[in-house]
Amino acid sequence: MKHLLTILMLSSATLFSCQVSEKKSDENTSPKNTALSQDIFNPEKEGYSLFWEDQFNGSELDTTKWKIRGTGPRRIGYNDPSMVSVGNGNLHLMYDIKKDSIMGSAIGSYETFNTTYGYFECRARLQKGSGPWSAFWMQSPLISKGEDPATFGAEIDIFEYFKGLGDDHMTHCLHWAYGPNQQSSGALNSDLEGLSEGFHTFALEWTPEKYAFYIDGLKFHELSDGLSHIDQYMILSMEIPPTLEGIKNACAPDTFMVDYVKVYKKQ
């Protein structure tokens, strides 16, 4: 009962939290643009061709391209298939609290599409609240089997949006060698004016020599740490924090909305 009362109190506070969050966004008068350059990257002009895509047309998830990921317990809540929907040309990944249930959502291409190298891009609108966070990332099916990322792969966080760090702030990260000797590179920090409003593109260029992270075609980071040279799969998720404290300023419901995912490859 105590846990239920805590959830109800946090849930009732979310409406006020959302209003405060929107107000703070309007008052943010000096966002940065921390891109490495202002040149816009066009994959097709750089020798890439469209290889795979999902425009999220129709009224349900295309299960030839994605599967619901990780149904069941997730930190202080659980991933629930009811939090995933497709409509009006967009994928909707939701976070919500219903009664005493804290729910997040995720889809992945583990069973349908794995590949090595390319330019991986999604166009999306980020969640409005802080606490739960939206993410576009890649994972290796072998990451816990060994410590060499070249052989066993890496977790590549193309982006994670923790709004509590700033409306127009985004992070990127690498992890490999899951287990007691796990290694990481990042978090890498990016700032771009207007990030919290409307749709933006988020991308990774992964080559045998590097990872490069892009927002709206602008390169923000390039590094060669933890390079994977094996097939990996994509994940889109609305993540749940690890503590109840983490959702005290959350909006419920809240949505990470994805317009498309595209993968470009070089021949």
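The side chains of Thr 116 and Asp 231 are joined by a polar contact of 2.5 Å. Thr 116 sits in the loop between strand E7 (101-108) and strand E8 (118-125). This model is predicted, and the mean pLDDT of the protein chain is 91.

- Thr 116 has a relative accessible area of 16%. The cut-off for buried is under 20%, so Thr 116 counts as buried.
- The side chain of Thr 116 also has a polar atom 3.3 Å from the backbone oxygen of Ile 230.
- Beyond its neighbours within four places in sequence, Thr 116 is in contact with Trp 206, His 229, Ile 230, Asp 231 and Lys 265.

- Leu 192 belongs to the loop between strand E12 (183-191) and strand E13 (199-206).
- Leu 192 counts as buried because its relative accessibility is 8%.
- Leu 192 and Lys 32 are 160 residues apart along the chain, yet 5.6 Å separates their C-alpha atoms.
- Setting aside neighbours within four places in sequence, Leu 192 touches Lys 32, Asn 33 and Asp 168, as well as Ile 215, Asp 216, Leu 218 and Phe 220.

**Strand E10 and its partners**

- Strand E10 spans residues 155-161 and is mostly covered. Seven of its seven residues are buried.
- Strand E9 (residues 133-139) runs antiparallel to E10, and five bridges join the two.

**Confidence in the model**

- In the protein chain, 88% of residues reach a pLDDT of 70 or more.
- Over residues 1-17, pLDDT stays under 50. The model has 21 contacts for this stretch beyond four places in sequence.
- Residues 19-30 also stay under 50 in pLDDT. For them, the model has twelve contacts beyond four places in sequence.
- Where pLDDT is low, predicted coordinates should not be read in detail.

Definitions and conventions. Residues numbered from 1 in each chain as written. Predicted model: local features only at pLDDT ≥ 70, side-chain atom pairs only at ≥ 80, totals over all residues. Heavy atoms only, no water. Buried < 20%, exposed > 50% of the residue type's maximum accessible area, 1.4 Å probe, protein only. Helix = DSSP H or I, 4+ residues; strand = E, 2+ residues; numbered from the N terminus. Pairing = 2+ DSSP bridges. pLDDT = per-residue confidence, 0-100. Contact = heavy atoms within 4.5 Å. Polar contact = N/O pair within 3.5 Å; in protein donor to acceptor, adjacent residues only side chain to side chain.
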